[in-house]
Amino acid sequence: FALIPRYGQPEDIRWFEAKPCYVLHWMNAYEEGDEVVLDGYFQEDPAPPPLEGFGRMGQMMAYLDEHSMRPKLWRWRFNLVTGETKEALLDDRVLEFGTFNQKIAGTKGRYLYSTTAKPGWFLFTGLVKHDLETGRSWSLPFGEGRYGSEAPFAPRVGAKGEDDGYLVSFITDVGENRSECVVVDAGDIEAGPVCRILLPHRISSGTHACWAGRDELA
């Protein structure tokens, strides 16, 4: 791993050794004492085997299937004084496409939200909220035949805490042949959506998204 100050020069790069891996998506990073702490989704095998039964498309589809990539939520700690790297598995489940409250980006945060996926398909089946301080987690499955998108965090107006806000996702319901936008209270995702907005027609599943308030767009 190479660490460089945001306004640094090539000679400022610091190199750190870590377990070989591939990372498709990073989460937050921040300084804590002598360390830089980095969270992301660790993949031990960057070349998943082709999916059986899909012919020539098998290899490409394997790269789109989270269960073939086997990403796990992971933490790296790089000590800027000793040069040591410490690594820790934060959750043994297959998780990816995470989001967090962007207002705490670059500083120490507590909560992170990941997606779960359907084996063999590029389809998100639910959300998992992690409390990185206590190690607890909570899950929200979307339901049978319901597949969502990456769920950005939208802070509540006048928010009092890091998870005081909402997760927003677009759900495709295969059984009902329709799509909807769901809004979930990030403080209690297990309670399910606090709002469901039916869309005029069914849309395809989505990947990346972000949230911007009206004042930011203005």
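Let's start with one residue. Tyr-113 touches Tyr-41, Phe-97, Gly-98, Thr-99, Phe-100, Val-128, Lys-129, Phe-153, Asp-163, Leu-167 and Ala-186, leaving out residues up to four places away in sequence. Contact here means heavy atoms within 4.5 Å.

A word on the source. This is a predicted model, where local features need pLDDT of at least 70, side-chain atom pairs count only at pLDDT 80 or more, and totals for chains, interfaces and linings use all residues. Residues are numbered from 1 along each chain as its sequence is written, and side-chain values use heavy atoms, with hydrogens and water left out.

Back to Tyr-113. Is Tyr-113 buried or exposed? Tyr-113 counts as buried, because its relative accessibility is 3%. Buried means under 20% relative accessible area, exposed over 50%, partly exposed in between, with a 1.4 Å probe and protein chains only.

Tyr-113 lies in strand 8. Strands are DSSP runs of E, at least two residues, numbered from the N terminus. Strand 8 covers residues 111-117 and runs antiparallel to strand 7, joined by two bridges. Thr-99 has Tyr-113 as its bridge partner. Two strands pair if DSSP finds at least two bridges between them.

Next, the core. The largest nonpolar core has 14 residues; Tyr-113, Leu-127, Phe-153, Leu-167, Val-184, Ala-186 and Ile-189 touch the most other members. Such a core is a set of buried Ala, Val, Leu, Ile, Met, Phe, Trp, Tyr and Cys residues joined through side-chain atoms within 4.5 Å. Strand 8, strand 10, strand 13 (165-173) and strand 14 (178-185) each give two or more residues to this core. A second, separate core of nine residues includes Leu-3, Phe-42, Trp-74 and Phe-78.

On to rings. How many aromatic pairs does the structure hold? Twelve. Rings of Phe, Tyr and Trp (its six-membered ring) pair if their centres lie within 6.5 Å; planes under 30 degrees apart are stacked, over 60 edge-to-face, the rest tilted. Phe-42 and Trp-76 are a tilted pair, 6.4 Å centre to centre, with 35° between the planes. Phe-42 is in strand 4 (residues 35-43) and Trp-76 in strand 5 (residues 72-79), 34 residues apart. Trp-76 counts as buried, at 0% relative accessibility.

Note on methods:
Helices (H or I, at least four residues) and strands (E, at least two) are DSSP runs, numbered from the N terminus.
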